[in-house]
Each structure stands twice: as structure tokens, then as C-alpha cells.
Amino acid sequence: MSTTSSSMWGGRFSEATDAFVAEFTASVNFDKRLYRHDIQGSIAHATMLARAGVLTEAERDAIIEGLTAIRADIESGNFEWRVDLEDVHMNIESRLTDRIGITGKKLHTGRSRNDQVATDIRLYLRDEIDFLLGEVRRLQTGLLDLAEREAHTIMPGFTHLQTAQPVTFGHHLLAWFEMMVRDGERLADCRKRVNRLPLGSAALAGTTYPIDRAYTAELLGFEAVCENSLDAVSDRDFAIEFCAAAALTVTHLSRMSEELILWNSQQFKFVDIPDRFCTGSSIMPQKKNPDVPELVRGKSGRVNGHLISLLTLMKGQPLAYNKDNQEDKEPLFDAIDTLKGCLRAFADMVPALKPNRESMREAALRGFATATDLADYLVKRGTAFRDAHEIVGKAVAYGVQTGKDLGAMTLDELRQFSDTIQQDVFDVLSLEGSVNARNHIGGTAPNQVLAAVARARVRIG
């Protein structure tokens, strides 16, 4: 049986680690993406140790110079990642010791890999959230631009995927915008709890060295320090919270995708998705498949799964750190990558959508979309709502039999259901009349849509 030894803990053990176990427990293949943040945290830690008198200024400078050179090696592809060194932390520390000698071994003074990795993940996630917030704003801007252009475009609004009432396409897009506003708020709020420093907690119970956690937090841009050392090294709430925010965001993108897929179909013909966001069929020459929204819809299940994975990972762990927590990174990393790709796809695609205004209008003329407006018309003229509801229901039944929409009926046809109906009824039975008559929250009518877009631009800055 092949074995391998480790200088990290070899003094305690009477035999070397089994080679398979070493590979099985290693995380370097996926946590090496943390290298910039690991080096960033180590530079701050060394700087703090020198200020506290634990390291000399010369030792601090040698460590910083060595770490800076290692970062350049990694980014230029001149760094060999070794599985036998287990993780990103020990790969960098080992190379640092090779480069600057025994001083490199002093870097780990006053810290553990437990608080080190917790710091790295928080630094990394903080940067990723900042990038994702930029993509959210880019998508929000695209939605507002399109909503502004389509403020006068009338389409059917749906409930149960059945024609309900006419709305404007701009108003519908603003509903998507509101989803993204909440998503941005959740990410920004999550960032507040990410941005707390665990470094200084060491393995679980702090350290005897005279460290200055507030100074380290200042160097790394953290807003606060984690208050309890046991919690600091074992807390993964921030990762779970991010995955929850990511799951909601991709769920919203999935809902948008479903509508785009329907609208892009020959049965709806509401929008055309540009060719660059679609693919064809290997057998059917006529096909234009909406692959981007379909993939986004599919990837939502992936991110939702990562949330459940992390919740399950943490639910049975006693304090403090356990090796289980090595399993936090792959779900978190993939959730970040997936959300990043989905947001980029939508931020690129939404501004390029081409609405088919005629098809939307024709669809709004089918399905008796102004039935509620007729009921409201009767109520305003003294008919009880339940009676008005029944009257309009009979008119709709007549329309189904004759193939006529309410707005296409003559005054005499309408008056057979109620003599309260007068010529002015056609003002509310037109699509424009229906849309303009309703004071919907957020702006149903064109002027309301434009006002809502203007307010929304202020909200996102």
C-alpha cells in the first residue's frame, strides 16, 4: 500500500497517510481558485504580526515579497499545485518556505487553517458578490430600456396562463425588474454578513499571541470581526445565505425564461430572440431553439440543489470546525459560477429582444380581456358587482357562441344583457381604454410605465 507523509502534522503520527486517503481528503483541485484571497489574507496577517512585534519588519517584508512573487507565478502558469500538500494554503506556504527559507514557516504563527480558510472564502465571496451586483444592475438597466421602448405596446396579461386583462409589455417587463430589485437587495444584504473577519480565532479558541484583529480587519476591508472564535471557524451561514439568494435569483430568471420560451414559439409569436442566443436542430432545418433561456431554466435546479446541499452539510455538525466543511466549497463555487453565467446571458439577451407588437395586440383581442372593465362599467352605474359579474358572464357566453369579442359586439347586442349599457361603453371595451382606465401599481398605462421607469432608474442609481 502506497503512503505519503506530511510535514504539517507528521510529529504526531507513527505512520504516513495512505496515498488514497491523502488524495481523497485533498481539496487543492477546487480550492486553488482562492489563491489571490489566501495571499491577500496572509499579507495582512504578516503585516499585523510585525506591528504586534511577533515578526520583525525584515521578516514581514520577506514574506510579503515572497507571497507577491508566488502570486505572479500562479497567474503566469508557473506554479505546480501538489495534491500531497492537500490545499491551497499549504501549497502556497510550502512554496513560500522554499523561496525565503525558515521565515516562511513563521507566517502561520497565531492562526490555523480553520480561520484561514474561513477568511479566504469570505474575501472571495465578497468580491464575487460585488461582481454579481454589477451584473444585476446591468440586467435591470436592460429591462428598463426595453420597458421604456415598449411602454405603448399592448399585450394580454395572464393568470393561470389564460387571458386575463390587457396590460402593456412595458408593465410586464417592470414586473421582472421588481424581481431583480429584490435579488440585488438580498445580495447586498448578504454581503454585510459576509464582510466579517474570522481570522484570529485560530483553530477554535483564539491565540496567545498579542494579535490585533481590528487592524487585520482594517487592512482587509472587513466591516467587523466575528465575535466568537468557536462560531467564527465553523460558521457557514454566509455561504448558505448566499446560495439562498442565488437560488431565488435563478428562480426568477427561470420564470422569465419560461415566458420567453413561450413567447418565442410560433403559437405566441410575442418576441423574437436574436439568432446569436439560439441554436438549430441537427435534423429539422426550420428549427430555431431558445437554448439560452432553456439552459437558464434548467440551471435553476442546479443552484437550488447547492442550497440544499449546504443546509444538509451543516445540520448535524457540532462546534467547532469539522472536516465536513471541506464540502462547502464546490457547491458554493458552482452556485457563483452558474449565477454569474445566467445573469450575463440575460443581461446580454434582454436588450436585444425584438417584440412583435402586432401579435401581442391580436392576442389581447382574444379571450375577452376587457370583461372586467365591462363589469366595472356596470358597477359604476349602480349595478351590484355580483350582478354585474353574472351579466358580463352571459355576454361572454354569447361571444363564445358568435365568435365575437366584447368590443366587437354592437350596442344592441350588449344591451340585451343590461339596458344600463350605453354608447360610452366602447370607450372602456377598447384595449387602450382598458389599459388607461386602470390605476395599476407601478404603471399599466403608457404614461404610468414611463413614470415607473424614471423612478426605477433613480432606485438603481
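The model is predicted. It holds 34 salt bridges, and its largest nonpolar core has 91 residues.

- Glu 86 and Lys 323 form a salt bridge through their side chains, with N to O at 2.9 Å. Glu 86 sits in the loop between helix 4 (57–76) and helix 5 (88–100), and Lys 323 in the loop between helix 11 (291–314) and helix 12 (329–349), so the pair ties together parts 237 residues apart in sequence.
- Glu 86 counts as buried because its relative accessibility is 9%, under the 20% limit. Lys 323, at 40% relative accessibility, counts as partly exposed.
- The Glu 86 and Lys 323 pair belongs to a network of salt bridges that also takes in Asp 87 and Arg 113.
- Arg 122 and Asp 235 make a salt bridge in which the closest N and O atoms are 2.8 Å apart. Arg 122 is in helix 6 (residues 113–149) and Asp 235 in the loop between helix 9 (229–234) and helix 10 (237–264), so parts 113 residues apart in sequence are tied together.
- Asp 130 counts as partly exposed, at 33% relative accessibility.

- Asp 405 lies in the loop between helix 15 (385–402) and helix 16 (411–415).
- Asp 405 is buried but has no salt bridge, and the nearest side chain of opposite charge, Arg 366, is 9.0 Å away.
- The side chain of Asp 405 instead reaches a backbone atom, the nitrogen of Phe 368, at 3.2 Å.
- Leaving out residues up to four places away in sequence, Asp 405 touches Leu 365, Gly 367, Phe 368, Ala 369 and Thr 370.

- Strand 3 (residues 154–159) pairs with strand 4 (residues 162–168) in the antiparallel sense, over six bridges.
- Thr 159 is placed opposite Gln 162 in strand 4.
- Two residues lie between the strands of this hairpin, and His 160 has a positive phi near 55°.

**Nonpolar cores**

- In the largest nonpolar core, the residues that touch the most other members are Leu 139, Phe 242, Leu 253, Leu 260 and Phe 346.
- Leu 253 contacts Leu 139, Met 180, Val 296, Cys 342, Leu 343 and Phe 346, when neighbours within four places in sequence are set aside.
- A second, separate core has 17 residues, including Ile 391, Ala 395, Ile 421 and Val 428.
- In soluble globular proteins, nonpolar side chains tend to be buried together.

**Helix 8**

- Helix 8 (residues 213–220) has Tyr 215, Thr 216, Ala 217 and Leu 220 as its buried residues.
- Among the elements that cover these buried residues are helix 3 (35–51), helix 6, strand 5 (196–197) and strand 6 (224–225).
- At the start of helix 8, Asp 212 brings a side-chain oxygen to within 3.3 Å of the backbone nitrogen of Ala 214.
- Gly 221 follows helix 8 and has a positive phi, near 75°.

Terms used:
Residues are numbered from 1 along each chain as its sequence is written. This is a predicted model: local features need pLDDT of at least 70, side-chain atom pairs count only at pLDDT 80 or more; totals for chains, interfaces and linings use all residues. Side-chain values use heavy atoms; hydrogens and water are left out. A salt bridge is a side-chain nitrogen of Lys or Arg within 4 Å of a carboxyl oxygen of Asp or Glu. Helices (H or I, at least four residues) and strands (E, at least two) are DSSP runs, numbered from the N terminus. Buried means under 20% relative accessible area, exposed over 50%, partly exposed in between (1.4 Å probe, protein chains only). Lys and Arg count as positive and Asp and Glu as negative; His and the chain ends are not counted. A polar contact is a pair of N or O atoms within 3.5 Å; within protein, one must be able to donate a hydrogen and the other to accept it, and residues adjacent in sequence count only if both atoms are side-chain atoms. Contact means heavy atoms within 4.5 Å. Two strands pair if DSSP finds at least two bridges between them. A nonpolar core is a set of buried Ala, Val, Leu, Ile, Met, Phe, Trp, Tyr and Cys residues joined through side-chain atoms within 4.5 Å.
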